Structures are given as C-alpha cells and as structure tokens.
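The following note sets out comments on the structure shown below. The points proceed from the whole chain to its individual elements and residues.

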Amino acid sequence: MAKPSPLQVRNIVMAVLMAAAGIWNGLRGGPVWLTVIFGVGCVLAAGSAVLNGPGSRP
C-alpha cells in the first residue's frame, strides 16, 4: 500500500476531528445547523483525501 501524502494525512485528521466535534455537539444538545456544518466538512475532507490519493498525480 502506498504511503499517504502529507495533504492526505491532513485531510484525514481534519475529517476525524470534525466528526468528533459534530458528535460532541449533537450529544450535548448543540444547534443542529452546527452539527450539519461539521458533517459537511467531514465529508468534504474525506473526499479530498480520497481524490488526492497516490494515483491522482501524473
């Protein structure tokens, strides 16, 4: 398996942090719109990590 690039590592870390923040916000009864923002950010960061994979470079 190929070693992940620094950009992929950053995106994966951000996706995990946003998922944790969204779960924490939802469990403590925070605003739904903030949980949705964390969810969208998590999906975008995970998608970016996949799209910036080792096979995406020419």
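1. A residue counts as buried when its relative accessible area is under 20%, as exposed when it is over 50%, and as partly exposed in between. By that criterion, 22% of the 58 residues of the protein are buried. The model is a predicted one, and the comments below should be read accordingly.

2. Overall form. The secondary structure consists of two helices and zero strands. The radius of gyration is 14 Å, well over the 10 Å that the globule rule gives for 58 residues, so the protein is more spread out than a compact globule. Along the principal axes, the C-alpha trace spans about 45 × 15 × 15 Å.

3. Geometry of helix H1. Helix H1 covers residues 6-27, and its 22 residues should span 32 Å at 1.5 Å a residue; the end C-alpha atoms are 32 Å apart, which agrees. Just after H1, Gly29 adopts a positive phi of about 80 degrees.

4. Which residues of H1 are buried? They are Gln8, Asn11, Ala15, Met18, Gly22 and Asn25. Viewed down the axis of H1, the buried residues fall within an arc of 120 degrees, so they line one face of the helix. An α-helix has 3.6 residues a turn, so residues three or four places apart point the same way. On the other side of H1, the exposed residues are Pro6, Val16, Ile23, Trp24 and Leu27.

5. Geometry of helix H2. The 20 residues of H2 should span 28 Å at 1.5 Å a residue, and its end C-alpha atoms are 29 Å apart, which agrees.

6. Gly41, Cys42, Ala45 and Ala49 are the buried residues of H2. These residues cover an arc of only 105 degrees around the axis, which puts them on the same side of H2. On the other side, Val32, Trp33, Val43, Leu44, Val50 and Leu51 are exposed.

7. Packing between the helices. What do the buried residues of H1 pack against? Their partner is helix H2, residues 32-51. Conversely, the buried residues of H2 pack against H1.

8. Gln8. This residue is found in helix H1 and, at 9% relative accessibility, counts as buried, the cut-off being under 20%. Its side chain reaches the backbone oxygen of Ala49 at 3.0 Å. Leaving aside residues up to four places away in sequence, Gln8 touches Ala49, Asn52, Gly53 and Pro54. Ala49 is itself among the buried residues of H2.

9. Leu7 and Val16. Leu7 also lies in helix H1, where its relative accessibility of 36% makes it partly exposed. Val16, another residue of H1, counts as exposed at 54% relative accessibility.

10. The C-alpha atoms of Leu7 and Gly26, 19 residues apart along the chain, are separated by 28 Å. For Val16 and Thr35, also 19 residues apart in sequence, the C-alpha to C-alpha distance is 14 Å.

Terms used
Residues numbered from 1 in each chain as written. Predicted model: local features only at pLDDT ≥ 70, side-chain atom pairs only at ≥ 80, totals over all residues. Heavy atoms only, no water. Helix = DSSP H or I, 4+ residues; strand = E, 2+ residues; numbered from the N terminus. Expected span 1.5 Å × (residues − 1). Buried < 20%, exposed > 50% of the residue type's maximum accessible area, 1.4 Å probe, protein only. Arc of directions from axis to C-beta. Contact = heavy atoms within 4.5 Å. Rg over C-alpha atoms; globule rule 2.2 N^0.38 Å. Polar contact = N/O pair within 3.5 Å; in protein donor to acceptor, adjacent residues only side chain to side chain.
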